[in-house]
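Please look over the structure shown below together with its sequence. The report that follows is meant to be read beside it.

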Amino acid sequence: MLGFIQSAALHSMVCQAILVLICLVCYGCGGLSGSKFVFDDTVAIVKNKDVNSLPTNWTAIFTHDFWGASLLSSDSHKSFRPLTTLMFHCEYAMLGLSAAHMKFLNLLLHCVNTLLMWRLVRSLYVTEINMERWAIISSALFAGHPIHTEAVSGVVGRADLMFGMIHLLCLLLTVANTGKGNPQSVGLILLLTAVGMLFKESAVTIPMSCVLLDYFQNGYYLLTLKDQCQLLRVRTGYLVYIVGTVGLLTARLWWQDFESPSFKEVDNPIAHNEHILTRGLSQQFLLVMNIWLMLCPHWLCYDWALGCVKLVTSIWDLRLQGVIGFYSILLVALMNFRRLPGMMLALGLMIIPFLPASGIIRVGFVIAERTLYVPSIGFCLLSIYGFLHWYEGSAGKRFYRMGLRILLMLLFTVMMLRTRQRVHDWLNEDHLFKSALHVCPDNAKVHYNIARLATDTGNNTKAFQHYHRAIDLYPSYESALMNLGNLYREHGQLTTAEEYIRQALLAYPAFPAAWMNLGIVQSAQKKYDQALVSYEKALKYRANFAVCYYNMGNLYLEQKRFAEALHHWQHSVAISPRQPKAWANILTMLDNRGLQEDALRLSDQALAHLPDESSILFIRANVLGKLKHYIEAERIYKRVIELDPRNMLYHTNLGVLYHRWDKSQEAIDAYQTAISLNAAKAMTARENLGKLLKRLEREAQVTQR
């Protein structure tokens with residue numbers, strides 16, 4: 001007996017080790033080195049002040065959406081996930097803003113979820129197949145399935161990973177209380193559901209999954225329909241689940257003031273289509289597309305919005321054959337659910353968690369692969385259930401079963417290799433956007449993101465090419481039109497820039513950023529009155545538009561209206577203190593007006609929000625030098641040079657400081673460094689060096705006499 005227990009324990013440890021190893025092979029082993037924040041990570045983490053601001057703003061975390069906007073704002077997507085945001089914030093506070101350690105935690109959570117799934121399947125009561133095989137093989141498929149790459153390698157997939165963990169814990173709790181009728185377990189599951197909804201809204205489906213699992217584990221499916229109806233009436237736990245779910249959903253909607261999110265057509269063209277038939281047929285096709293991506297994860301893309309999935313406009317569209325096939329299988333399964341309860345359970349666990357993303361409510365995406373993380377639990381169970389039903393039904397056919405085992409191993413090899421490939425794609429945005437171009441070459445958003453990245457890296461030729469391609473594919477793409485206009489503005493083609501920005505405003509008149517950029521172009525054209533009108537329009541659509549106030553300050557500066565310029569810059573940093581250009585303009589103006597003490601005081605405020613901003617440190621050092629606080633000025637100059645060692649101006653001004661301080665050799669060294677960095681532009685350094693050398697030469701001659 002003891003030997004059997006030891007053997008079972010060893011078997012259990014080996015199975016768990018294999019599952020963790022699969023996770024590490026797929027997502028570790030170089031899959032984290034050099035990783036960066038990509039796509040949605042930038043908005044939800046890098047640019048989200050709720051995540052990367054200290055001290056912790058608890059009010060903001062619990063009143064803002066996942067992307068950092070107020071939950072009651074008309075611009076909010078209403079994705080309320082405060083515990084996920086809080087996790088990101090805690091990681092930032094303890095370890096800094098690093099994609100590698102955040103992705104590593106995602107990997108650990110995926111390992112935990114894989115082990116939880118294995119434990120869950122082992123604890124199920126299904127008699128028609130071998131449970132140990134079902135547990136290890138389905139969990140191994142879950143561990144290495146390529147569809148999970150977005151959830152694990154994209155940091156924002158944390159919400160889905162936490163939803164998956166709580167979902168599995170609730171299912172394990174349901175199995176542990178099968179036949180006991182423990183009301184405490186029902187209350188605990190509803191509590192965990194409430195916690196899960198603070199990680200991701202889809203957790204509201206957890207009680208439905210628990211009811212399904214309890215229904216099959218207790219064998220209620222074997223009763224007649226009449227007996228089942230009578231049983232459901234006395235089964236108070238199910239009623240509590242229903243009431244609790246409705247209560248949680250109501251509380252969630254109340255928190256967002258019962259307002260619905262508004263999405264643009266560019267996010268989900270299907271949901272915005274005016275024809276009911278087209279919307280219905282296209283949505284049904286999307287259901288099959290999601291299943292196909294789990295079945296054959298060859299075509300994977302980070303964004304399926306524009307051009308990836310063509311609308312289904314007719315019932316004669318051949319793509320609907322897949323829809324008919326899916327519902328036929330579902331119908332056959334329903335007709336045989338007493339004979340194959342494991343298959344029905346797996347189907348239910350695949351369908352129920354997917355309901356919030358299935359189109360029954362309007363969502364801001366066409367297909368989002370990370371939303372398939374939890375439904376894939378049911379898919380993996382269903383796939384391996386079918387395989388084992390086939391495998392165990394061929395007892396006595398040795399070569400046939402060997403062939404099935406070889407095919408299974410080949411499947412796992414292909415899946416793991418594909419996952420490794422996708423992990424490489426998710427390392428940085430360049431790889432990610434290029435991979436999407438192979439899958440969806442007619443996706444306007446893919447071209448837009450490639451152009452945006454090319455602009456950031458200075459490849460303007462590539463940026464022009466892909467912005468134009470995005471607009472060709474989707475002529476009303478307001479963000480692409482505006483960014484293309486900005487690119488033309490940076491190249492001095494102001495008339496063309498104004499034309500494209502006006503096209504963006506025709507596509508979306510309430511576009512505050514476009515109104516602001518139109519004002520910038522008009523200001524560059526010296527059309528100051530028109531620029532002011534454009535800025536005011538931008539503020540009409542977004543009242544606390546800090547960058548717009550900054551640009552209005554620049555407009556007043558060009559008109560020599562210094563007091564108004566200073567007022568608008570101060571208003572800008574009051575709204576958003578993390579604006580280095582606005583702070584730099586304020587400090588420069590105070591310095592030029594001889595208000596050095598005020599400049600020092602405000603620079604302290606600026607550095608409290610931007611402690612490593614070189615432009616603010618540089619101005620502070622200049623002011624300290626003028627006030628003859630040479631030691632402090634020298635320390636700050638050396639600090640900014642550490643931040644940007646190849647900045648010629650920093651070395652020049654350090655030389656000026658030494659020059660004033662009568663540290664001649666240090667001044668000569670600083671001037672010579674500035675000249676070596678940029679000889680063409682280091683005119684001040686060259687002139688000052690010449691003057692200093694002549695002065696030293698005269699002093700040497702006087703000394704010799």
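This is a predicted model: local features need pLDDT of at least 70, side-chain atom pairs count only at pLDDT 80 or more; totals for chains, interfaces and linings use all residues.

Residues are numbered from 1 along each chain as its sequence is written, and side-chain values use heavy atoms, with hydrogens and water left out.

**Overall architecture**

The secondary structure of the protein comes to 35 helices and zero strands, where helices (H or I, at least four residues) and strands (E, at least two) are DSSP runs numbered from the N terminus. The C-alpha trace spans about 115 × 65 × 50 Å along its principal axes. Of the 705 residues, 51% count as buried; buried means under 20% relative accessible area, exposed means over 50%, and partly exposed lies in between, for a 1.4 Å probe and protein chains only. Among contacts between residues at least 6 apart in sequence, 65% join residues at least 24 apart, a contact being heavy atoms within 4.5 Å.

**A helix pair**

Helix α27 (residues 546-558) packs with helix α29 (residues 580-592) at an angle of about 35 degrees, and their axes are 10 Å apart. Here axes are lines fitted to C-alpha atoms, for helices over the stretch in contact, and angles run from 0 to 180 degrees between N-to-C directions. The crossing of α27 and α29 is left-handed, a term used if the near helix is turned anticlockwise from the far one by less than a right angle, with right-handed used if clockwise. From α27, Tyr550, Asn554 and Leu557 meet Lys581, Ala582, Asn585 and Met589 of α29. By class, this contact has four nonpolar, two polar and one charged residues; Ala, Val, Leu, Ile, Met, Phe, Trp, Tyr, Cys and Pro count as nonpolar, Asp, Glu, Lys and Arg as charged, and the others, Gly among them, as polar.

**The second largest pocket**

Rolling a probe the size of a water molecule over the atoms shows where empty space is left. A pocket is found on a 1 Å grid over the protein atoms alone, as an open set of points where a 1.4 Å probe fits, with protein on both sides within 12 Å along at least five of seven lines, and lining residues have an atom within 4 Å of a point. Grid points are joined across faces, edges and corners, and the volume is the space filled by probe spheres set on the points.

About 740 Å³ of space lies in the second largest pocket. Its lining is made of 30 residues, of which Leu295, Phe379, Leu382, Ser383 and Gly386 lie nearest the centre. The elements that give two or more residues to this lining are α15 (276-295), α16 (320-335), α17 (341-351), α18 (375-392) and α19 (398-425). The most comes from α18, with nine residues. By class, the lining has 24 nonpolar, six polar and no charged residues.

**Selected residues and their surroundings**

The table gives the accessibility of several residues.

| Residue | Relative accessible area | Class |
|---|---|---|
| Asn622 | 15% | buried |
| Leu654 | 8% | buried |
| Arg81 | 12% | buried |
| Arg122 | 31% | partly exposed |
| Asp257 | 47% | partly exposed |

The contacts below leave aside neighbours within four places in sequence. Asn622, in helix α31 (residues 614-626), is in contact with Tyr637 and Asn653. Leu654, which is found in helix α33 (residues 648-660), touches Tyr637, Ile641 and Ala670. Arg81 is placed in the loop between α4 and α5 (82-95), where Arg81 is in contact with Phe66, Ala159, Leu198, Phe199, Lys200 and Glu201. Arg122 belongs to helix α6 (residues 99-123) and is in contact with Ser12, Glu132 and Ala135.

Leu654 and Leu169, 485 residues apart along the chain, have C-alpha atoms separated by 61 Å, and for Arg122 and Ser76, 46 residues apart along the chain, the separation is 42 Å.

**Backbone features**

Most residues other than glycine have a negative phi, and most peptide bonds are trans. The peptide bond from Leu54 to Pro55 is cis, with omega near 0 degrees, and Pro55 lies in the loop between α3 (49-52) and α4 (58-61). Asp257, which is not a glycine, has a positive phi of about 60 degrees, and its place is in the loop between α13 (236-255) and α14 (269-272). Phe258 is found in the loop between α13 and α14 and has a positive phi near 55 degrees.
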